[in-house]
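Student: I have a protein model open and I want to learn how to read it. Can we go through some features step by step?

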Amino acid sequence: MLTPTKKTIVLGDGREITLETGKLAKQADGAVELRFNNTMLLATVVSAKDAEEGADFMPLTVEYKEKYSSFGRFPGGFTKREGRASDYEILTARLVDRVLRPLFPSNYHANTIVHILMFSSDGADCPDALAGLAASAAIAVSDVPFEEARIDGNFVINPTFEQLENADMELMVGATYDNIMMVEGEMDEVQEEDLIAALKFAHDAIKPMCVAQKELAAQLGVTKREYCHEVDDEEIKERVRKECYQPCYDIAKAGNPDKHWRNDSFDKILEDFIETIPEEEREEKTPMINRYFHDVQRDAVRRVILDEGIRMDGRKTTEIRPIWCETDYVPGPHGSAVFTRGETQSLATVTLGTKLDEKLIDDVLTRRNERFLLHYNFPAFSTGEARAPRGVSRREIGHGNLAHRALKRMFPDDFPYTCRIVSDILESNGSSSMATVCGGTLALLDAGVKMKRPVAGIAMGLITDEGNVKHAVLSDILGDEDHLGDMDFKVTGTVNGITATQMDIKCDGLPYEILEQALSQARNGRLHILNIINETIPEPREDYKPHVPRIVAMTVDKEFIGAIIGKGGEVIQGIQEETGAVITIDEIDGKGEIEISAANKDSIEAAVERIKAIIAVPEEGTIYTGPIKSILEFGAFVEFMPGKEGLLHISEISWERLADMEASGLHEGDEVTVKLIEIDKKTGKFRLSMRALQEKPEGFEERRNGNGGNRPRGNGGPRNGNGGNGPRRNGGNAPRRNDNRGPRRDNRNSDRRRDDRNDQSYEDRN
């Protein structure tokens, strides 16, 4: 019989998270089922018993997958099954990876796989923070070595999707009980002190979750496995430190800004040392020598910064690398810019498109259209590597997402275009995602996009010694300072505040005082970069470039949507064919949102006029010209406005009485000019007249028709067609003679029949 172990975590607002193990996936090293309202996740961890030969790093892989069945949906596509990971799944996996990785022992190198599967959701609660808790708990109940459990939390703890829509700060925090390990989020120009307050709030909520995981592991009596993944030679280790430390210190102190010179110099020290090892031992000793040399190089570089205040490229800790920018760099895109900071360079381009170019986001819990896109590409040549491209990497998706979040809140709210930014990194030596933010801003301004405010980004680093006795916060870090340092803290924002942030740390703890210093230093660096952007292009271009498609947006009442589209789409298709414009219509909040795009101004104006004509409100007494759509016995239907037809009764064609419609000389398709003489307020029918535009014949007198109206009489004499007191041919009120001519047609019945047909036909047409 199953005896699962459960642990319940009560959030501050009374909601509960349940962790359970011992029921599912029991052959994994660790497995935890997490339930929160109707969301259910299963996290598993499996770690190899031994490390691969020569491994000197933690080979951790985190996979996050959402099942379409969890939300009662079928996957799209032909196969109707889950395929490659979506961007959201990749980004969630990266969040979990970034905070788990530093908590494994530094000498643990066994291949470790963490799987997180979402089996149930009601679409209300965000699963990404829960995924981190589930993964951490799975490792906590396993025998895989782990220094301390962790958890992701949000400023408003575990908010729903609906709550996030109205939030001015969305923050994901990963932490142990004692220290914050990872931060990522976007903000609406919040102040630095507000971010610090949010981090403290999140950390307070995280601590009980860490305690719950420890208690769960204690209930199970978990004992962590013993391992030995590194073979050491203390004599060689001591020799490397003695012979290589000072040369590495001297190179770091030289302050040469050339990355390749520094790399070649460090490589030369290592190669010279390996040459001192007997040839028969080199192959065996080289892996451990590489490991020892990395530690020595790291210590030497860090001591130069802490003791001398000198960074590897010669800058001060608060100094930003030289920057040069240029806009309108390439002619083809609708906007372009080059942003270069030190040895990091982004070529950013902007393309403006129509609503048809929107990206459909079709994830398990989210289905929406995205009109602001940002794609980040990191080719191997940007770092001088000879590596073939293998498709978009998780790193590229993650860096692009950070830059997208940094810029999207400064994108104009009512911008009619779909916008795509592409950042191609042509050189990289630290902080290419922040170069993407800066290059993206420049390219948007070059394209004429009226941003709310320009955005810039900077990456902050940290160097500490044992016990945090001394520390140095570094502005605009190099790649080596990221690799050898203790923190990578990216901050983007405007002159008014922060728009996005991402932080990873490698040290044991990070006091809030250091965070405050890093944010203050980042603000100064951000303002410095924004000044350079402003000098390069002070304002958005006044107008779009000539080859940008022109777009006009219109809003119409819902009732007009059908008239604009027409039966089977014939009206809107006809407008597009005649004008060359592209027209899209969406119904949003009871209104018709119309977008008209074309390659030139004339096409757009023609399409706008056609639509305006359709949505125009007919007015009595107004003269219109339109085609005859159909001819019936009693008159003709004229399309006097696009999508609107009115009855031109036979009696309103001319002052002369017509025996039938054939006598009118009118045919289907003829263009006629008519006057709108009546709008029936009850039925909405339109009565048209041609004779109202003609001069009344001299001496013309009206006669009464069968339904009380006046009709012209050919002989000009009055006649009462409904039995009035006027004279009749047969002698006034005397009975009518029944002779060989047969029964005489009753005008009253005839007119009534005509009116009945008129009404019936008009109802059918409307």
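Student: What volume does the second largest cavity have?

Tutor: Start with the general idea. Rolling a probe the size of a water molecule over the atoms shows where empty space is left. Here, the volume of the second largest cavity is about 40 Å³. Keep in mind that this is a predicted model.

Student: How many cavities of 30 Å³ or more does the structure hold?

Tutor: Two.

Student: Which residues line the second largest cavity?

Tutor: The lining consists of E20, T21, G22, K23, L24, A31, V32, E33 and L42. Two elements give two or more residues each to this lining: β2 (16-21) and β3 (30-36). The largest share, three residues, comes from β3.

Student: Let us step back to the whole chain. How many helices and strands does the chain have?

Tutor: The count is 15 helices and 30 strands.

Student: What share of the residues is buried?

Tutor: Of the 766 residues in the chain, 51% are buried. The accessible surface comes to about 36,900 Å². Carbon and sulfur atoms hold 47% of that surface.

Student: What share of the contacts joins residues 24 or more positions apart?

Tutor: Take the contacts in the chain with a separation of 6 or more. Residues 24 or more positions apart account for 70% of them.

Student: Now cysteines. How many disulfides does the structure hold?

Tutor: The general idea comes first. A disulfide is a covalent bond between the sulfur atoms of two cysteines. This structure holds zero disulfides.

Student: Are C210 and C419 buried or exposed?

Tutor: C210 counts as buried, because its relative accessible area is 1%. C419 is buried too, with a value of 0%. The cut-off for buried is under 20%.

Student: Where are D476 and D589 found?

Tutor: D476 is in the loop between β18 (471-475) and α10 (479-484). D589 is in the loop between β22 (582-588) and β23 (591-598).

Student: Is D476 buried or exposed, and is D589 buried or exposed?

Tutor: D476 is buried, because its relative accessible area is 0%. D589 is exposed, because its relative accessible area is 79%. The cut-off for exposed is over 50%.

Student: Which residues touch R341?

Tutor: Find R341 in strand β11 (residues 335-341). R341 counts as buried, because its relative accessibility is 0%. Leave out residues up to four places away in sequence. R341 then touches I320, R321, P322, I323, S431, M434, A435, C438, G457, D476 and I529. D476 is in that list, and D476 is the residue with a phi of about 55°.

Student: Let us compare sequence and space. How many residues lie between A85 and K65 along the chain, and what separates their C-alpha atoms?

Tutor: They are 20 residues apart along the chain. Their C-alpha atoms are separated by 7.0 Å. A85 is in the loop between β5 (60-66) and α1 (87-100). A85 counts as buried, because its relative accessibility is 18%. Beyond its neighbours within four places in sequence, A85 is in contact with K65 and I90.

Student: How far apart in space are S651 and M690?

Tutor: They are 9.4 Å apart, C-alpha to C-alpha, and 39 residues apart in sequence. S651 lies in the loop between β26 (644-649) and β27 (671-679). S651 is buried, with a relative accessible area of 13%.

Student: Which helix holds V571?

Tutor: V571 is in helix α13 (residues 570-579). V571 is partly exposed, because its relative accessible area is 22%. V571 and I611 are 40 residues apart in sequence and 9.8 Å apart in space, C-alpha to C-alpha. Set aside neighbours within four places in sequence, and V571 is in contact with A563, I564, I565, G566 and I614.

Key. Residues numbered from 1 in each chain as written. Predicted model: local features only at pLDDT ≥ 70, side-chain atom pairs only at ≥ 80, totals over all residues. Heavy atoms only, no water. Disulfide = S-S within 2.5 Å. Buried < 20%, exposed > 50% of the residue type's maximum accessible area, 1.4 Å probe, protein only. 1 Å grid on protein atoms, 1.4 Å probe; cavity = no way out; pocket = protein on both sides within 12 Å on 5 of 7 lines; lining within 4 Å. Points joined across faces, edges and corners; volume = space filled by probe spheres on them. Helix = DSSP H or I, 4+ residues; strand = E, 2+ residues; numbered from the N terminus. Contact = heavy atoms within 4.5 Å. Areas by Shrake-Rupley, 256 points an atom, 1.4 Å probe, with all protein chains shown as cover.
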